[in-house]
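I opened this entry to log what I looked up, topic by topic. The structure comes first.

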Amino acid sequence: MLVEELPAVEPVDVDWSHVERLLPRRTVPTPTDKVAYPSGWTPQRGNPSLPYSVRRSVNHMLPVYLRIMEDGVKRLTVVRNVRGDIWKLHDELKRHLEEANSRYIASRVNEVSLYVQFKGEYVQQVKDWLRERGL
Amino acid sequence: MASRAGQEKALRLLRHLPRVALNNIDHPNPKPASRRKRGAHGGDTHGAGDKGSKARQHFARAGFEGGQTPFYIRIPREDPYKGHHLRREYPPVSLHQLQLMVDTDRVDAGRQIDLTQICNSGLFRLEPLRRQFGFQLTDEGMDEFVTPVNLEVQWASERVIAAVERAGGTITTAFYDMASLQAMVDPERFFKRGVPIPRRALPPQDAVGYYTDPSTRGYLADPEQVARHRLTLAQKYGYELPKVKEGPLTERKDPRQIFFGLEPGWLVNLTDKQVWRVKDPVMSEYFRS
């Protein structure tokens with residue numbers, strides 16, 4: 001199409017903030033401090049009294065995941081990115097989960113990849129336990 | 001009738017015997033275990049009879065019923081995927097996820113949260129080319145939803161509408177056609193194409209009923225009817241309907257508009273931060289109608 005054939009245009013005076021609102025952020029925002037978080041999410045406050053901590057994900061979420069394997073039969077709860085004394089975290093968390101669920105829970109610690117695994121589905125309980133400690 | 005002594009002896013015996021089960025009582029056996037055809041009495045034709053196609057392992061094709069119309073031809077076909085390419089999909093977003101997005105500032109609760117805002121959060125992806133026409137709001141986490149928000153989704157159930165309105169917010173269900181969706185899902189990419197903002201089309205025939213219905217908060221419904229339904233829904237679910245102030249919580253788009261503050265037919269230049277519109281009266285009349 002030739003430039004002469006294109007329709008004539010005129011500029012429009014518009015509030016550019018309307019356009020900026022449509023453009024996405026390039027980075028994940030840091031959540032601001034609020035009085036309450038109705039969804040149950042809490043920011044990481046840190047706990048210097050504990051010899052361990054967990055690194056939050058890029059989206060500021062706790063690194064506790066459910067791995068479902070063997071076509072839904074095998075379920076593992078994984079706590080990733082554990083820093084500090086990983087065995088201490090494992091022992092305390094295992095004691096808490098076994099008491100709360102009144103059963104033996106098989107577990108595994110990987111010191112190289114820094115994760116702790118529990119056999120079963122305990123994601124919410126682990127997250128609540130970590131949140132109580134401000135991690 | 002056995003004597004008293006005999007009965008007692010039997011009961012005493014029963015205490016030491018194993019539990020009664022099928023393998024230790026006498027019962028009829030309609031299906032005795034099959035035995036191989038071997039030896040003097042099983043040999044010779046080995047159960048195949050004399051001659052015939054069966055004896056010579058030359059059977060008819062599977063399903064053949066001696067000439068009678070077979071079962072697999074007699075029963076009519078059913079197409080489970082018939083028209084699948086015409087069915088619209090609405091990927092779910094739960095109220096819990098929405099509350100989490102608001103808590104972690106992934107989405108701005110001060111302005112309307114529509115399809116573009118949910119996609120821009122980076123947590124949800126919509127693919128219009130896979131017949132995904134927008135988001136539906138699900139009821140997971142509706143008991144913990146307390147933030148007043150101005151929502152615009154493509155489908156929501158009655159309970160979800162009640163949960164949003166109970167928190168003091170507003171919800172609208174709106175339809176976007178394919179061209180509008182392409183623009184809304186990635187506005188930056190759309191503006192870079194140099195194509196004017198499309199005029200939103202009206203919903204197709206099978207969706208008109210949903211989007212003109214005030215009980216589903218359709219964007220084409222009468223606002224007065226919608227207000228009445230807000231009251232009746234509050235009465236039905238037994239909550240006090242909070243007063244919603246005129247402002248960001250009540251801002252609505254025109255039925256032909258897809259972006260706030262920008263009209264259809266306008267061209268956005270991101271580099272020069274300039275918006276253009278066509279001078280031609282016929283074209284501008286079309287876009288403005």
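My notes on cores, the interface, backbone angles and salt bridges follow.

**Cores**

I am working with a predicted model. I began with the nonpolar cores. In general, nonpolar side chains tend to be buried together in soluble globular proteins. The largest core here has 57 residues. I listed those with the most contacts inside it: Leu95(B), Leu115(B), Leu137(B), Phe191(B), Ile197(B), Phe259(B) and Leu262(B). Several elements of chain B each supply at least two residues, including α5 (95–103), β4 (150–153) and α11 (223–237). The largest share is from α7(B), with 5 residues.

I then checked what Leu95(B) touches, skipping neighbours within four places in sequence. Its contacts include Leu137(B), Met142(B), Phe145(B), Val160(B) and Val164(B). Thr138(B), Glu140(B) and Gly141(B) are also in contact with Leu95(B).

**Interface of chain A and chain B**

Next I looked up the interface. Chain A and chain B bury about 3,000 Å² between them. Of this area, 62% is on carbon and sulfur atoms. Chain A gives 29 residues to the contact and chain B gives 36 residues. I found 3 salt bridges across the interface. There are also 12 residue pairs in polar contact, both residues being at pLDDT 80 or more. On the side of chain A that touches chain B, β1 (9–12) and α1 (17–20) each supply at least two residues. The largest share of that side is 4 residues, from β1(A). By type, that side divides into 18 nonpolar, 5 polar and 6 charged residues.

I picked out one bridge between the chains. Arg26(A) and Glu188(B) meet through their side chains at 2.9 Å, N to O. Arg26(A), Glu188(B) and Lys192(B) form a network of salt bridges.

**Positive phi**

I then turned to backbone angles. Asp44(B) is not a glycine, yet its phi is positive, about 65°. It sits in the loop between α2 (39–42) and α3 (52–55) of chain B. Asp44(B) is exposed, at 76% relative accessible area. Gln57(B) also has a positive phi, near 60°. The loop between α3 and α4 (71–74) of chain B holds Gln57(B). Gln57(B) is exposed too, at 62% relative accessibility.

**A buried threonine**

Is Thr147(B) buried or exposed? At 15% relative accessibility, Thr147(B) is buried. It lies in the loop between β3 (136–138) and β4 of chain B. Its side chain makes a polar contact of 2.8 Å with the side chain of Gln99(B). Beyond four places in sequence, Thr147(B) touches Gln99(B), Val102(B) and Ala167(B).

**Salt bridges within chain B**

Last, I went through the salt bridges. Over all chains there are 19. Arg111(B) and Glu251(B) form one, at 3.2 Å, N to O. Arg111(B) is in the loop between α5 and β2 (112–113) and Glu251(B) in the loop between α11 and β7 (267–269), so the pair ties together parts 140 residues apart in sequence. Arg111(B) is partly exposed at 26%, whereas Glu251(B) is buried at 16%.

Arg217(B) and Glu165(B) form another salt bridge, at 2.6 Å, N to O. Arg217(B) is in the loop between α10 and α11 and Glu165(B) in helix α7, 52 residues apart. Both are buried.

Conventions. Residues are numbered from 1 along each chain as its sequence is written. Chains are lettered from A and ligands numbered from 1 in the order in which they are written. This is a predicted model: local features need pLDDT of at least 70, side-chain atom pairs count only at pLDDT 80 or more; totals for chains, interfaces and linings use all residues. Side-chain values use heavy atoms; hydrogens and water are left out. A nonpolar core is a set of buried Ala, Val, Leu, Ile, Met, Phe, Trp, Tyr and Cys residues joined through side-chain atoms within 4.5 Å. Buried means under 20% relative accessible area, exposed over 50%, partly exposed in between (1.4 Å probe, protein chains only). Contact means heavy atoms within 4.5 Å. Buried area is the accessible area (1.4 Å probe) that two parts lose on being put together, summed over both. A salt bridge is a side-chain nitrogen of Lys or Arg within 4 Å of a carboxyl oxygen of Asp or Glu. A polar contact is a pair of N or O atoms within 3.5 Å; within protein, one must be able to donate a hydrogen and the other to accept it, and residues adjacent in sequence count only if both atoms are side-chain atoms. Ala, Val, Leu, Ile, Met, Phe, Trp, Tyr, Cys and Pro count as nonpolar, Asp, Glu, Lys and Arg as charged, and the others, Gly among them, as polar.
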